[in-house]
Amino acid sequence: MYLILLLIFYFIVFLNYVNSSISFLEENKNLSNEELFNKFHNLHLKTYKINSDEGMRRFKNFQLNILKIKQHNLDPLRKYDLGVTSYA
């Protein structure tokens, strides 16, 4: 019984995580990529400085990932939705 409750708990936590990652873009759809990246950086407590070489490289990767996520989610035949996680 304990194992079943534990599995249900982790499943609910997982669904909440997936839901919040998908809704991040929806809730912030009016933000520019720079503003979105700043919000992502603060939300996920990233330790690199945004204006550093690493920050600029990560911003470029972030932009590419956002583009891929949006393109994927526009496909009406998709089997799943993509979203922004702490690894975006």
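Reply: Starting with a charged pair: the side chains of Arg58 and Glu54 meet in a salt bridge, 2.8 Å from N to O. Keep in mind that this is a predicted model.

Me: Where do Arg58 and Glu54 lie, and how many residues apart are they?

Reply: Both are in helix α3, 4 residues apart, which is about one turn of the helix. An α-helix has 3.6 residues a turn, so residues three or four places apart point the same way.

Me: Is Arg58 buried, partly exposed or exposed? And Glu54?

Reply: Arg58 has 33% relative accessibility, so it counts as partly exposed. Glu54 has a relative accessible area of 30%, so Glu54 is partly exposed too.

Me: How many salt bridges does the structure hold?

Reply: It holds 3. One of them joins Asp81 and Arg78, with the closest N and O atoms 2.4 Å apart. Another joins the side chains of Lys29 and Glu26, at 3.7 Å from N to O.

Me: Are Lys29 and Glu26 buried or exposed?

Reply: Both are exposed.

Me: What about Asp81 and Arg78?

Reply: Asp81 is partly exposed, at 37% relative accessible area. Arg78 is partly exposed as well, at 31%.

Me: Why would such side chains pair at all?

Reply: Side chains of opposite charge can pair when their charged atoms come close.

Me: What share of the residues is buried?

Reply: Of the 88 residues, 22% count as buried.

Me: Which residues make up the largest nonpolar core?

Reply: It has 12 residues: Phe24, Leu25, Leu36, Phe37, Phe40, Tyr48, Phe59, Phe62, Ile66, Ile69, Val84 and Ala88. Helices α1 (2–27), α2 (33–43) and α3 (53–74) each supply at least two residues of this core.

Me: Which helix gives the most to this core?

Reply: α3 does, with 4 residues. In soluble globular proteins, nonpolar side chains tend to be buried together.

Me: Pick Phe59. What is it in contact with, leaving aside neighbours within four places in sequence?

Reply: Phe59 is in contact with Asn33, Glu34 and Phe37.

Me: Back to α3. Which residues of that helix are buried?

Reply: Gly55, Phe59, Phe62, Ile66, Ile69 and His72. They cover an arc of only 150° around the axis, so they sit on the same side of α3.

Me: Which exposed residues are on the face turned away from that buried side?

Reply: Asp53, Lys60 and Lys68.

Me: What span should α3 have, and what does the model give?

Reply: Its 22 residues should span 32 Å at 1.5 Å a residue. The end C-alpha atoms are 32 Å apart, which agrees.

Me: Now α2. Which residues are buried there?

Reply: Leu36, Phe37, Phe40 and His41 are buried in α2. Their arc around the axis is only 135°, so they lie on the same side of α2. The face turned away from the buried side carries the exposed residues Asn42 and Leu43.

Me: How far is Leu43 from Ser86, in sequence and in space?

Reply: They are 43 residues apart in sequence and 8.5 Å apart in space, C-alpha to C-alpha. Leu43 itself is exposed, with a relative accessible area of 53%.

Me: Where is Leu45 placed, and is Leu45 buried or exposed?

Reply: Leu45 is in the loop between α2 and α3. Its relative accessible area is 69%, so Leu45 is exposed.

How values were computed: Residues are numbered from 1 along each chain as its sequence is written. This is a predicted model: local features need pLDDT of at least 70, side-chain atom pairs count only at pLDDT 80 or more; totals for chains, interfaces and linings use all residues. Side-chain values use heavy atoms; hydrogens and water are left out. A nonpolar core is a set of buried Ala, Val, Leu, Ile, Met, Phe, Trp, Tyr and Cys residues joined through side-chain atoms within 4.5 Å. Buried means under 20% relative accessible area, exposed over 50%, partly exposed in between (1.4 Å probe, protein chains only). Contact means heavy atoms within 4.5 Å. A salt bridge is a side-chain nitrogen of Lys or Arg within 4 Å of a carboxyl oxygen of Asp or Glu. The expected span of a helix is 1.5 Å times one less than its number of residues. The arc is that of the directions from the helix axis to the C-beta atoms.
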